[in-house]
Amino acid sequence: MAAAWPICLGYFPVGLALGVLANQAGLPWWAVALMSILVFAGSAQFICVVLLASGATIWSIVTTTLVVNLRHALMSSALAIYLQKTNRWFLTFFAYGITDESFALNMARFRSGDWDRWRALVVNQLANAVWIFSTVLGTLVGQFIPKGAFGIDYALPGMFICLLVFQLQSRFFILTGILAAFISILWYLLIPGDSYIIGASISAATLSFLIKRYVRRKQ
Amino acid sequence: MNFSGYLLLFLLMGLVTFVPRWLPLLYLSHKHLPQWLTDWLSFIPVAILSSLLAPILLADTTTRSLNITKPELLIALSTLLFALKTKSLGGTVFVGMILHWLLGIFF
């Protein structure tokens, strides 16, 4: 249970903010609850609210959601290494809770060794519960909470930074991190949309993989 | 929009979100992964974290332009040092939040 608190703390202000926006866009609280339960994907839900407010069609919202959330296919693939030969029902239930944050946290824990799939599932489901609760709360009372209180907006970036540090196990991982940051910022500035996450991740991982192989062959 | 309209929209959004999270896991966890794929996938977590962080720390997200003077970057560097020294997730998140809060009050 304790392992999930950075995610829960980080989801809380983001969920509240989403609730406030949804409320302003005219979504009732039960629709926000329904969305958080059925979709459970932060950025896609923000985009959905904005698109609904601008009168977009269902199809354009669904297509955008697909594109924005394709990055999870990459995370799901990486998690498969630690979930070999696992029961398919477990995987189906587990897959529902794969987000940027739960992925990063669970990967770091799996890698350090003191982790199992049930704990990983608890992290996913706790994060989900906080997400549903905070988004609904946001539609009801969000207007009354001051923005940026207690630096809570920095909870998720802070967690990403620390999880990144956990992953830096050799010089090749440091190289991957630097390459990814560089490609990501360039991609972000030059190409509109959210493709920079998938684009930079795949490019940086592939480059590091090739460089590592080249170095190993020369030795 | 009425109840069935929202239900249809969120069901479809849920479906296109769930399938990319589900299929790779279902398929790859019951296959013997070749060594090169395991090697390549081992770089994915660092790459994704770094890709997510870079624009948050180095760009103005409203105008989508480069900005290397953001307070977030300064906080990130201190937070990074703290994380390297202590390896504590809770401590790092806490330090990041406190710094962000203080910087917001004084600047």
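1. Chain A and chain B bury about 7400 Å² between them, and carbon and sulfur atoms give 79% of that area. Buried area here is the accessible area, with a 1.4 Å probe, that two parts lose on being put together, summed over both. In chain A, the residues that lose the most area to chain B are Tyr154(A), Tyr188(A) and Phe209(A), together 10% of what that side buries. In terms of contacts (heavy atoms within 4.5 Å), 98 residues of chain A meet 72 residues of chain B.

2. A note on the basis: this is a predicted model, in which local features need pLDDT of at least 70 and side-chain atom pairs count only at pLDDT 80 or more, while totals for chains, interfaces and linings use all residues. Residues are numbered from 1 along each chain as its sequence is written, chains are lettered from A and ligands numbered from 1 in the order in which they are written, and side-chain values use heavy atoms, with hydrogens and water left out.

3. Chain A has eleven helices and zero strands. Helices (H or I, at least four residues) and strands (E, at least two) are DSSP runs, numbered from the N terminus. The radius of gyration of chain A, taken over C-alpha atoms, is 19 Å, close to the 17 Å that the globule rule gives for 219 residues, so chain A is as compact as a globular protein of that length. That rule is 2.2 Å times the number of residues to the power 0.38. The C-alpha trace of chain A spans about 65 × 40 × 40 Å along its principal axes.

4. Of the 219 residues of chain A, 51% count as buried. Buried means under 20% relative accessible area, exposed over 50%, and partly exposed in between (1.4 Å probe, protein chains only). Among contacts in chain A between residues at least 6 apart in sequence, 77% join residues at least 24 apart.

5. Thr99(A) sits in the loop between helix H6 (88-96) and helix H7 (100-112) of chain A. Its relative accessibility is 5%, so Thr99(A) counts as buried. Leaving aside residues up to four places away in sequence, Thr99(A) touches Tyr11(A), Phe40(A), His72(A), Met75(A) and Arg21(B).

6. Val67(A) belongs to helix H4 (residues 58-69) of chain A. With 53% relative accessibility, Val67(A) counts as exposed. Between Val67(A) and Val50(A) there are 16 Å in space, C-alpha to C-alpha, and the two are 17 residues apart in sequence.
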